[in-house]
Amino acid sequence: MNTKKQNSELPKGERPVAIVTGASRGIGKAISIELAGIGFDIVINHYDFATDGSPDETAAQKTSSDIAAKGIRCLVLRADVSNDADRTGLIKAVKDEFGRCDMLINNAGVAPLKRVDLLEATEESFDRVLGINLKGPYFLTQLVAKWMIEQKKLYPDRSFRIVNIGSMSAYTSSPERSEYCISKAGVSMMAMLYADRLAEFGIGVFEIRPGIIETDMTSVVKEKYDKLIADGLTPIKRWGKPDDVAKAVSAIAEGKLDFSTGQVINVDGGFHLRRL
């Protein structure tokens, strides 16, 4: 993998390209800006809506502007990762614009619209959450992996990597948002499966497992987690920041973990530690 300086000096069209799903805000935005800072051209995928239900480009365009200010090419693509036609269109657009994809970050994810007890969970909510959080990245990765294999054959010196943004909810029970926990457990296994399958092609696959991160998704439970963190839920007594996750992605992008395919990287303030 090229160094930060080398990447930034490459002509347009020759820099590595990263697709980041759910990249208009929060963790996805932080990852996009971090990768732009080390010389990646960026594809911002989003599927935002305004409060009136109309498509909303505001946050995605703001992120794009922040990246373009660094002298980096940035393409904004609205696509629903849970939809087959949208996934296909997304990859076609990237091929048409850049002709390459060196890194995929599966970050797009949603929580249930309502937190309800497991015994009252609905099939509609289950389908929505699993569709976006698991089915979408599963099949988007399939598309990108096939393309990466083709690229690797043509350009054997290039490095290709895939990162799944999971969650500590993959192994932590929250019965009031069971569909989210199940989706993230699936994402964890998905990373393992793809790491195994793509290793022969030199394509690294990783899972980053955030803990309690300060984003729009967690803003509705801020008081609850303020208290839990203060009471010692995590050894590091602070909220995680999107930048904490972005730095872990950057380490992968720079090739520092290329012999660790399939690895889970906990970005959770030590939540995963078993303590007495």
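Helix 2 covers residues 26-37, which makes 12 residues. The model described here is a predicted one. Several residues of helix 2 are buried: I27, G28, A30, I31, S32, L35 and A36. Just after helix 2 comes G39, whose phi is positive, at about 95°.

The next element to look at is the sheet. Strands of a sheet pair through backbone hydrogen bonds, and the pairing can be parallel or antiparallel. In this model an open sheet is built from 7 strands in the order 3-2-1-4-5-6-7, and the pairing is parallel. Strand 3 (74-78) and strand 7 are the edge strands, as each of them pairs on one side only. From one strand to the next, the twist averages 15°.

Strand 1 (residues 17-20) and strand 2 (residues 41-46) run parallel and are joined by 4 bridges. Within this pair, I19 has V43 of strand 2 as its bridge partner. Helix 2 packs on the sheet, where it touches strand 1, strand 2, strand 4 (103-106), strand 5 and strand 6. The direction of helix 2 makes about 175° with that of strand 1. Helix 5 (residues 123-154) also packs on the sheet, touching strand 4, strand 5 and strand 6. Its direction makes about 170° with the direction of strand 4.

Strand 6 deserves a separate look. How many of the residues of strand 6 (residues 203-210) are buried? The count is 8 of the 8, so strand 6 is largely enclosed by the rest of the structure. Its residues point two ways: I203, V205, E207 and R209 one way, and G204, F206, I208 and P210 the other way. Both groups are buried, including the residues E207 and R209.

Strand 6 has a partner on each side. With strand 5 (residues 160-165), strand 6 pairs in the parallel sense over 6 bridges, and V163 has F206 in strand 6 as its bridge partner. Strand 5 and strand 6 also belong, together with helix 6 (residues 178-198), to a right-handed β-α-β unit. With strand 7 (residues 264-267), strand 6 again runs parallel, and 4 bridges join the two. Here the bridge partner of E207 is V264 in strand 7.

How values were computed. Residues numbered from 1 in each chain as written. Predicted model: local features only at pLDDT ≥ 70, side-chain atom pairs only at ≥ 80, totals over all residues. Heavy atoms only, no water. Expected span 1.5 Å × (residues − 1). Buried < 20%, exposed > 50% of the residue type's maximum accessible area, 1.4 Å probe, protein only. Pairing = 2+ DSSP bridges. Right-handed = clockwise from strand over helix to strand, strands pointing away. Axes fitted to C-alpha atoms, helices over the stretch in contact; angles between N-to-C directions. Contact = heavy atoms within 4.5 Å.
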